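Hello,

Here is the structure for you to look at. My notes follow below it.

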Amino acid sequence: MDTVCIAVVGAGVIGLSTAACISQLVPRCTVTVISDRFTPDTTSNVAAGMLIPHKYAAFAFLHDLADTPVPTQKRWFRETFEHLSEIAKSAEAADVGVHLVSGWQIFRSVPAEEVPFWADVVLGFRKMTEAELKRFPQYVFGQAFTTLKCETSAYLPWLERRAIGLL
């Protein structure tokens with residue numbers, strides 16, 4: 001069988017994640033990442049991300065999530081959460097920049113969905129208590145949970161190594 005040549009455009013989190021997945025899933029392929037910038041000079045390099053589905057997510061403009069059924073969104077979120085959790089539990093977590101992080105998400109008005117579809121995917125989801133909310137007098141509702149944080153300054157070089165088969 002001939003080698004399959006695949007090009008991925010972009011060397012940020014999405015591009016390198018795509019390249020790494022393709023290189024693992026497609027036998028006998030070569031993956032070329034095409035980008036005007038690579039780590040550490042990408043926009044992704046200066047960001048850190050917390051894994052929380054949201055209708056205002058960074059790439060919602062690429063695909064209207066309102067048209068994506070909630071079960072599909074939940075499956076995507078669960079798969080991503082499980083994947084990143086395995087990395088966070090690994091010996092290389094500190095070098096990769098993937099960690100558990102606990103915190104609050106606070107709102108100026110009560111959201112339509114007080115318990116979001118992803119509440120049973122993250123760890124320890126609960127509504128904030130009145131005592132906790134008193135710390136934030138301008139806010140009326142909040143949620144507490146543990147999710148995953150990805151430090152892209154470490155994660156992108158790791159993805160690059162995975163994409164080219166060094167890991």
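In strand β6 (residues 141-151), Glu151 is the bridge partner of Ala48. Ala48 belongs to β3 (residues 48-50), which pairs with β6 in the antiparallel sense over three bridges. Strands are DSSP runs of E, at least two residues long, and helices are runs of H or I, at least four; both are numbered from the N terminus. Two strands pair if DSSP finds at least two bridges between them.

This is a predicted model: local features need pLDDT of at least 70, side-chain atom pairs count only at pLDDT 80 or more, and totals for chains, interfaces and linings use all residues. Residues are numbered from 1 along each chain as its sequence is written, and side-chain values use heavy atoms, with hydrogens and water left out.

β6 has other partners. β4 pairs with β6 in the antiparallel sense over ten bridges. Phe107 stands opposite Phe141 in β6. β5 and β6 are also antiparallel, over three bridges. There, Arg126 stands opposite Ala144. Nine of the eleven residues of β6 are buried, so the strand is largely enclosed by the rest of the structure. Buried means under 20% relative accessible area, exposed over 50%, partly exposed in between (1.4 Å probe, protein chains only).

Now helix α2 (residues 70-89). Its buried residues are Gln73, Phe77, Phe81, Leu84, Ser85 and Ile87. They cover an arc of only 155° around the axis, which puts them on the same side of α2. The arc is that of the directions from the helix axis to the C-beta atoms. On the other side, Pro71 and Lys89 are exposed.

Best wishes

Conventions. Expected span 1.5 Å × (residues − 1). Contact = heavy atoms within 4.5 Å.
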